[in-house]
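Please keep the sequence and the model in view while reading.

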Amino acid sequence: DDAEQQVEFDRKIAEEQKIEPTDWMPDDYRKNLVRQMSQHAHSEVIGMQPEGNWITRAPTLRRKAVLLAKVQDEAGHGLYLYSATETLGTSRSEMIEALQTRKAKYASIFNYPTLTWADVGAIGWLVDGAAIVNQISLQRTSYGPYSRAMIRICKEESFHQRQGYEIMYSLAKGSPEQKQMAQDAMNRFWWPSLMMFGPHDSDSAHSGRSMKWKIKRQSNDDLRQKFIDQTVPQIEVLGLEMPDPEIKWNEERGHYDSGEIDWEEFYQVINGSGPCNHQRLKHHINAHEKGEWVREAVRAYRVKQQEKSAE
Ligand code: ACO
């Protein structure tokens, strides 16, 4: 019965065993996973838009080929995560519907515009850099399919982070105008990158249960601090000015101190009023509608196969 199943589930979680799709799991565990994983998938897919904006304008053939590959990887991550979420009994079309009707969120960062080529560098470096810090931690998440998806995705993300940093490095060591572009892109993407880790732990609605169930392994604030600590020395290598005047090494804590995030901006963006929210969803809906003929063809093929096998 359920009580026994619960004991078995708790034992697996305590012993660091993975929960697999056919295993019993509490309803709220399943629900919380569907919420987080589907939003993660949506983020990968919506995240193609700001970078896709620069594919046709990449400065060289090499940059274009690299960016194209990177954006395709993001599509792959989205599909991989949708598949992992489907193992929990939620269909892809239900998830897409939730995204398009704003019931499901996606990462706030993708609601900011990409104004210059340097933004492509800043996204690879900072946004994918932040995503890796979060996703490395999620490699140890308790749900098997999610954990395995993270292992594979992190390998690709590290290439993305390096391609971004290489763009930033070239610009930061280039002409004064190029260096200024790099500085400006970093300044604009710094705070939204810190927001990717979510609200402070004290304001995080889901963290308590997610940590107990080992869906999340490290807290929003701990991961954010890790990202700051690893990124500040990279800013120094680039020779750029710090994006936050309050960044300062704290010997006692053994971490960098930094300024406070503008939480009002954060909540505006996650609740639909960021600079590009409307544009991102509109584009997604249009692309989805244009793809209807593919889904139609799949359905027709399935019917045909069923008729054949019934003969
Ligand atoms: N952007 C959009 N929404 C956010 C963000 C953000 N940066 N941070 C928090 N939220 C949302 C949560 O989804 C939640 O909303 P919901 O109840 O409608 O689902 C709400 O704000 C409260 O936040 P938390 O209680 O802290 O939520 P949670 O415990 O899920 O932690 C976090 C948020 C850290 C983003 C977590 O969901 C996570 O680790 N997700 C997987 C990683 C991910 O989605 N990465 C996408 C990054 S982009 C990329 O991969 C390229």
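## Basis of the model

The structure is a predicted model, in which local features need pLDDT of at least 70 and side-chain atom pairs count only at pLDDT 80 or more, while totals for chains, interfaces and linings use all residues. Residues are numbered from 1 along each chain as its sequence is written, and side-chain values use heavy atoms, with hydrogens and water left out.

## The largest pocket

The largest pocket holds about 1000 Å³ of space. A pocket is defined on a 1 Å grid over the protein atoms alone, as an open set of points where a 1.4 Å probe fits, with protein on both sides within 12 Å along at least five of seven lines; lining residues have an atom within 4 Å of a point. Grid points are joined across faces, edges and corners, and the volume is the space filled by probe spheres set on the points.

The pocket is lined by 44 residues, and those closest to its centre are Gln 39, Ala 107, Met 196, Phe 197 and Gly 198. Several helices give two or more residues to this lining, among them H2 (27-46), H4 (61-86) and H7 (144-172). Helix H6 provides the largest share, eight residues. Helices here are DSSP runs (H or I, at least four residues), numbered from the N terminus.

## Salt bridges

Side chains of opposite charge can pair when their charged atoms come close. How many salt bridges does a search of the whole structure find? The search finds 20, where a salt bridge is a side-chain nitrogen of Lys or Arg within 4 Å of a carboxyl oxygen of Asp or Glu. One of them joins Arg 11 to Glu 15, with the closest N and O atoms 2.8 Å apart. Arg 11 counts as partly exposed because its relative accessibility is 30%, and Glu 15 is also partly exposed, at 46%. In these terms, buried means under 20% relative accessible area, exposed means over 50%, and partly exposed lies in between (1.4 Å probe, protein chains only). Accessible areas come from the Shrake-Rupley method with a 1.4 Å probe, and for residues only the protein chains shown count as cover.

A salt bridge also forms between Asp 23 and Lys 12, whose closest N and O atoms are 3.4 Å apart. Asp 23 lies in the loop between H1 (2-14) and H2, and Lys 12 lies in H1, so this pair ties together parts that are eleven residues apart in sequence. Lys 12 is buried, with a relative accessible area of 15%. Lys 214 pairs with Glu 16, the closest N and O atoms being 2.9 Å apart. This pair links distant parts of the chain, 198 residues apart: Lys 214 is in the loop between H9 (207-212) and H10, and Glu 16 is in the loop between H1 and H2. Lys 214 counts as buried because its relative accessibility is 18%, whereas Glu 16 is partly exposed at 43%.

## Loop residues

Lys 105 belongs to the loop between H5 (92-100) and H6, and it is partly exposed, at 36% relative accessibility. Not counting residues up to four places away in sequence, Lys 105 touches Gln 39, His 42, Ile 270 and Asn 271.

Arg 102 is placed in the loop between H5 and H6. Arg 102 is not a glycine, although it has a positive phi of about 65 degrees. Lys 214 likewise has a positive phi, near 60 degrees, in a residue other than glycine.

## A buried residue and a surface patch

Leaving aside neighbours within four places in sequence, Asp 119 is in contact (heavy atoms within 4.5 Å) with Pro 113, Thr 114, Ala 185, Arg 188 and Phe 189.

Trp 293, in helix H13 (residues 292-310), counts as exposed because its relative accessibility is 63%. Together with Val 294 and Val 298, Trp 293 makes a nonpolar surface patch of about 320 Å². Such a patch is made of residues with over 30% relative accessible area and no salt bridge, with nonpolar side chains (Val, Leu, Ile, Met, Phe, Trp, Tyr) joined within 5 Å.

Technical notes
Patches are made of residues with over 30% relative accessible area and no salt bridge: like charges are joined within 9 Å, nonpolar side chains (Val, Leu, Ile, Met, Phe, Trp, Tyr) within 5 Å.
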